[in-house]
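Hi everyone, thanks for coming. Today I'd like to walk you through one protein model, a piece at a time. Please have a look at it first.

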Amino acid sequence: VPASTNMEEWTVDQVTAFISNMGLGQSAAEFAAKFDKAIVSGEELMSYASEEDVMEEVDIPKKAARLILKQRDAYLAKVGGGGDAISPTYGASTPSSSRLSTSSCARMTEDSVFISLRFGEAIEEANQLKAALQKEGHDAYICDVAPGANIKEVVVRRLAAAKLVVIMGTKTYGAPGTVKFSSKQELE
């Protein structure tokens, strides 16, 4: 289970961990991978109002969608909701084609703005930019790849999903780094 109890703030990786640990049997890893591939953040997970919403967005069977929504709602009830957000309840009398939004930006993912930087030179400024974007209702992503994860795969996928890329162009941005995948490779 992700460290933060506020589901609305969960990253894609945290949602994936949540799905993986639901007890969905042998298919849990497959379902979690589909949530990862669909780039579902906590805010997006909270916005699903019906099984059909999940099936359309994530491409999983109806029974799995039903179980995931029930687990989501049970988790939200246990922790007292998702912060200041209004959390939809599975099974409510909401038309199946509608989506509930937990912010003023309907259907945005955490990957709407990708912030690229050299961590040693611009992390403070990047975090300030991310906070300012979020305050205005936008979502932003700064690389937070889990230990052992394939950073190149994650960054390339997130870059491809971004609606806007912001480059924190510091002195050594784009220069070869000490890791296998750095801002130089992002530019390529």
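Predicted model: local features only at pLDDT ≥ 70, side-chain atom pairs only at ≥ 80, totals over all residues.

Let's start inside. The largest nonpolar core has 24 residues. Which residues have the most contacts inside it? They are I19, F35, L45 and I60. Five helices each supply at least two residues of this core: α1 (12-20), α2 (28-37), α3 (42-47), α4 (51-58) and α5 (62-79). The largest share, six residues, comes from α5.

Let's zoom in on I19. If we leave aside its neighbours within four places in sequence, I19 is in contact with L24, A28, F31, A32, F35 and I68. There is also a second, separate core of nine residues, and L117, A122, L133 and I142 are among them.

Now for the helices. In α1, the buried residues are V12, V15, T16, F18 and I19. Looking down the axis of α1, you find these buried residues within an arc of 160°, so they line one face of the helix. What covers the buried residues of α1? The cover includes α2, α3, α5 and α7.

Helix α7 spans residues 151-161, and its buried residues are V154, V155, R157 and R158. Down the axis of α7 they fall within an arc of 165°, so here too they line one face of the helix. On the face turned away from that buried side, α7 carries the exposed residues E153 and A160.

Next, the charges. Side chains of opposite charge can pair when their charged atoms come close. How many salt bridges does the structure hold? It holds six.

Follow K34 with me. K34 forms a salt bridge with E30, with the closest N and O atoms 3.9 Å apart. E30 and K34 are four residues apart in helix α2, so about one helical turn separates them. Both are partly exposed: E30 has a relative accessible area of 45%, and K34 has 24%.

K34 also forms a salt bridge with D59, where the closest N and O atoms are 4.0 Å apart. This pair links distant parts of the chain, because K34 is in helix α2 while D59 is in the loop between α4 and α5, 25 residues away. D59 is exposed, at 55% relative accessible area.

For a buried example, take R72 and D73. Their closest N and O atoms are 2.9 Å apart in a salt bridge. R72 counts as buried at 0% relative accessibility, and D73 is buried too, at 16%. Elsewhere, E51, E52, K62 and R66 are linked in a network of salt bridges.

A quick word on the backbone. Most residues other than glycine have a negative phi. Is I39 buried or exposed? At 10% relative accessibility, I39 counts as buried, and it is found in the loop between α2 and α3.

Last stop, the surface. V165, I167 and L187 make a nonpolar patch of about 250 Å². V165 is found in strand β3, residues 164-167, and it counts as partly exposed at 39% relative accessibility.

Conventions: Residues numbered from 1 in each chain as written. Heavy atoms only, no water. Patch = residues over 30% accessible without salt bridge, like charges linked within 9 Å, V, L, I, M, F, W, Y side chains within 5 Å. Areas by Shrake-Rupley, 256 points an atom, 1.4 Å probe, with all protein chains shown as cover. Salt bridge = Lys/Arg side-chain N within 4 Å of Asp/Glu carboxyl O. Buried < 20%, exposed > 50% of the residue type's maximum accessible area, 1.4 Å probe, protein only. Arc of directions from axis to C-beta. Core = buried A, V, L, I, M, F, W, Y, C linked by side-chain atoms within 4.5 Å. Contact = heavy atoms within 4.5 Å.
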